[in-house]
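The following exercises treat a ligand site, a pocket and a sheet in turn. Each task is followed by a stepwise solution.

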Amino acid sequence: MPIPQSVVPGVERPLPSRNRAVMDRARAHLLQNYKQQPIVLERGQGVRAWDADGNVYLDLLGGIATLPFGHCHPEITAAAKAQLDRIWHTSNVFYTEPQVALAELLTSLSGLDRAFFCNSGAEANEALLKLARKTQQPGRFEFVCFETSFHGRTLATVTATGQPKYQKGFEPLLPGVVHVPYGDLEAVRNAVGPRTAAILVEPIQGEGGVRAAPQGFLRALRTLADESGVLLLIDEVQTGLGRTGKMFAFQHEGIRPDGFSLAKGLANGLPIGAMVCTEAAGTALVPGSHGSTFGGNPVAAAAAVATVRLASDPRVLAGNLDKGEHLLAGGRAMQARQPTLVREVRGRGLLVGIELSFDAGPVVTRCRERGMLCNLAGDRTVRLAPPYIVTLDELDEGLRILEEAVVAVAPPRSQV
Ligand code: PLP
């Protein structure tokens, strides 16, 4: 039944909130497994999104690094729409051209040889782990992973994730996973042994607070992996597709992993994941050994082809680095003005974390109330992962809102 706007003639009442109405339905019937921000996003264009009550937001989160070209980019939308009019789904029992085109693009851009498609980052990492087990058997079955990492929510990937809060209650976890401190080469050296199948690492730990590996770390892991006969697997789910200024973040170190994973931005928001590997690593996954019903779905793959073509433009990659430098410089200027409130500003390209000296949750809330979307990466770090089409003015607008929010909600004792 519609809610009456006013029961007393002539007495104005506030319009019923459409945000509220949808959230009430969500609370009644959705699994309550997310800490959701209390707005219903209904429409988006570029770096702006509108909620169900018509409020507009500057979206500097981009679906958490999942919208490289913002909401409803015309070229990507057109590619997906054209494919919707051709064929939606075939099963991987048959070939489809967009999937092949995407594999060609990803292998030529990475220098690796083969691609497998799935539907999410967790599935892409799961494929990497299965690939390593199958390639390295018998004998080598262990994975060396990192503390504070994040690799997904399936049982294998949550085991690989180095954060107990995501694992609690789901034990027993997958056997054969060891965690060592991120960036600690000596610890990796000590952990790698005759039973090690692979090392799995993020170039920048996104969920772990936007923390980059020390320079040279990935290259040192490559050398160690070669010397020890283990595979080097890189999780590029959050960092891939040009976000850090190179098509894949491992390219900053000039290395070639045995395999890497992609998802998030790959189809600019349509669900798709990819595992890309070398010829040698890939041969173990013979027909029937691994698969996915929806993996590489032609609509998602067509959107991904359009996204990858746009993202791999050298001007876009250079732009991401420049915009990232601008964002980091702006964040550091804020830190200089608010030294007790802002602890560290870090990241690379358009993946930036601003660590505060206090719980950042209220800052995210205040930013949203002032018309800017961001989120948390850890309890004290505000994450910005804007679309690549963001302008410098929009980044400045976001930084202004963020600083105002930090100052407004900081607890009194952190303002000394
Ligand atoms: N790996 C990394 C580095 C991620 O950031 C994420 C998601 O945040 C995942 C894996 C999991 O991806 P998905 O949520 O698509 O399964």
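**Exercise 1. Identify the residues that come nearest to the ligand, and describe the shell by class and by element.**

Step 1. Of the 13 residues around the ligand, Gly121, Ala122, Asp235, Gln238 and Lys264 come nearest. The model is predicted: local features need pLDDT of at least 70 and side-chain atom pairs pLDDT 80 or more, whereas totals for chains, interfaces and linings use all residues. Residues are numbered from 1 along each chain as its sequence is written, and side-chain values use heavy atoms, with hydrogens and water left out.

Step 2. The shell comprises three nonpolar, six polar and four charged residues. In this scheme Ala, Val, Leu, Ile, Met, Phe, Trp, Tyr, Cys and Pro are nonpolar, Asp, Glu, Lys and Arg are charged, and the others, Gly among them, are polar.

Step 3. Helix α5 (residues 121–136) gives the most to this shell, with three residues. Helices (H or I, at least four residues) and strands (E, at least two) are DSSP runs, numbered from the N terminus.

**Exercise 2. Characterise the second largest pocket by its volume and lining.**

Step 1. The second largest pocket holds about 940 Å³ of space. A pocket is an open set of points on a 1 Å grid over the protein atoms alone, with protein on both sides within 12 Å along at least five of seven lines; lining residues have an atom within 4 Å of a point.

Step 2. Of its 27 lining residues, Gln99, Ala115, Phe116, Leu285 and His290 are the closest to the centre.

Step 3. Elements giving two or more residues to this lining are α4 (97–110), β4 (114–118) and β12 (273–277); β4 gives the most, with four.

**Exercise 3. Determine the strand order and the edges of the four-stranded sheet.**

Step 1. The open sheet has the order β13-β14-β17-β16, with antiparallel pairing (strands pair if DSSP finds at least two bridges between them).

Step 2. The edge strands, each pairing on one side only, are β13 (342–348) and β16 (375–376).

Step 3. Six bridges join β13 to β14 (residues 351–356), and Val345 stands opposite Ile354 in β14.

Note on methods
A residue is near a molecule or strand if one of its heavy atoms lies within 4 Å of it. On a 1 Å grid over the protein atoms alone, a cavity is a set of points where a 1.4 Å probe fits but cannot get out, and a pocket is an open set with protein on both sides within 12 Å along at least five of seven lines; lining residues have an atom within 4 Å of a point. Grid points are joined across faces, edges and corners, and a volume is the space filled by probe spheres set on the points.
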